[in-house]
Amino acid sequence: MAFDYKKEYKEFYLPKNKPSMIKIPTMNYIAVRGKGNPNDEKGVYKQKIGLLYAIAFTIKMSYKGTHKIDGYFEYVVPPLEGFWWQDGMKDSIDYSHKDQMNFISIIRLPDFVTKEDFQWAIKEATNKKKIDFSKVEFLTYDEGICVQCMHIGAYDNEPKTIRIMHDYMIENGYELDITDKRFHHEIYLSDPRRCDVNKLKTVIRHPIIKKE
């Protein structure tokens, strides 16, 4: 058995398919940044994701059998997540211009992994794979109060779920707070290579602030 963040922290990874509000604590991640169409098989996004997973598994294997999380000596690498935005567009994403999408792709780190551990993993992976991992970074992110919802279906159909989230937000006295430091956030629970597009599960999370 291994510690699985999705099962142990269901409030963060397995919300219902109707909106709810949640306060997300500060977490550490490994991260990569870029710009481009995420559907391009040879594009920047797919290349950067490969770097991210290489470091995530280097860290995981380095701790196997040496640290416990709630009694478990192993953990399942948490799901891929992403912050997305387009230049000049604050409150929405134009899915018809995916080549203009900026991203910060992230994978959560266990709390016991330090920045020094991360730096070791970068060197270890670089030496073993002979690939440049210098663009992978250690990111601490304090997300704060958000509205979130489970979206089921194609990524291009997310606007329908987002409208429901925003209606819920307004009804409860909040307003959207997407800025250059708080982002449209997605957590990918399904592998699009193996899952019917109509059954894809994606957590959508938006930062909010109490309306004055």
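Predicted model: local features only at pLDDT ≥ 70, side-chain atom pairs only at ≥ 80, totals over all residues.

A: The count of aromatic pairs comes to 16. One of them joins Tyr5 and Tyr9. A pair of aromatic rings is described by the distance of the centres and the angle of the planes. For Tyr5 and Tyr9 the centres lie 6.0 Å apart, with 20 degrees between the planes. Planes under 30 degrees apart count as stacked, so this pair is stacked.

Tyr5 has a relative accessible area of 3%, so it is buried. Tyr9 has a relative accessibility of 26% and counts as partly exposed. The cut-off for buried is under 20%.

Tyr5 and Tyr9 also belong to a cluster linked by ring pairs. Its members are Phe3, Tyr5, Tyr9, Phe12, Tyr75 and Phe112.

The charged end of Arg108 sits over the ring of Tyr9, 5.0 Å from its centre. The charged end of Lys60 sits over the ring of Tyr75, at 5.4 Å from the ring centre.

Tyr75 and Arg108 lead on to the largest cavity. Both are among its lining residues. By class, the lining has nine nonpolar residues, no polar ones and one charged residue. The largest cavity holds about 40 Å³ of space. The structure has two cavities of 30 Å³ or more.

H3 leads on to the largest pocket. That pocket has a volume of about 920 Å³. It is lined by 33 residues, and the closest to its centre are Tyr45, Lys46, Leu80, Tyr155 and Pro192. H3 and strand S10 (184–188) are the elements that give two or more residues to the pocket lining. The largest share, five residues, comes from H3. The pocket lining has 21 nonpolar, three polar and nine charged residues.

Now S10 itself. The strand is mostly covered, with five of its five residues buried. In a regular strand the side chains alternate between the two faces of the sheet. In S10, His184, Glu186 and Tyr188 point one way, while His185 and Ile187 point the other way. The residues on both sides are buried.

S10 has pairing partners. Strand S5 (residues 81–86) runs antiparallel to S10, joined by four bridges. Here Trp84 stands opposite His184. S10 also pairs with S11 in the antiparallel sense, over four bridges. In that pairing, Ile187 has Val203 of S11 as its bridge partner.

S11 carries the picture on to S8. Strand S11 (residues 201–210) and S8 pair in the antiparallel sense over seven bridges. Cys146 stands opposite Pro207 in S11. S8 also pairs with strand S2 (residues 20–24), antiparallel, over five bridges. There, Met21 has Val147 of S8 as its bridge partner. Seven of the nine residues of S8 (residues 144–152) are buried, so this strand is largely enclosed by the rest of the structure.

Methods. Residues numbered from 1 in each chain as written. Heavy atoms only, no water. 1 Å grid on protein atoms, 1.4 Å probe; cavity = no way out; pocket = protein on both sides within 12 Å on 5 of 7 lines; lining within 4 Å. Points joined across faces, edges and corners; volume = space filled by probe spheres on them. Nonpolar A, V, L, I, M, F, W, Y, C, P; charged D, E, K, R; others polar. Buried < 20%, exposed > 50% of the residue type's maximum accessible area, 1.4 Å probe, protein only. Pairing = 2+ DSSP bridges. Phe/Tyr/Trp six-rings, centres within 6.5 Å; stacked < 30°, edge-to-face > 60°. Lys NZ or Arg CZ within 6 Å of the ring centre and 35° of its normal.
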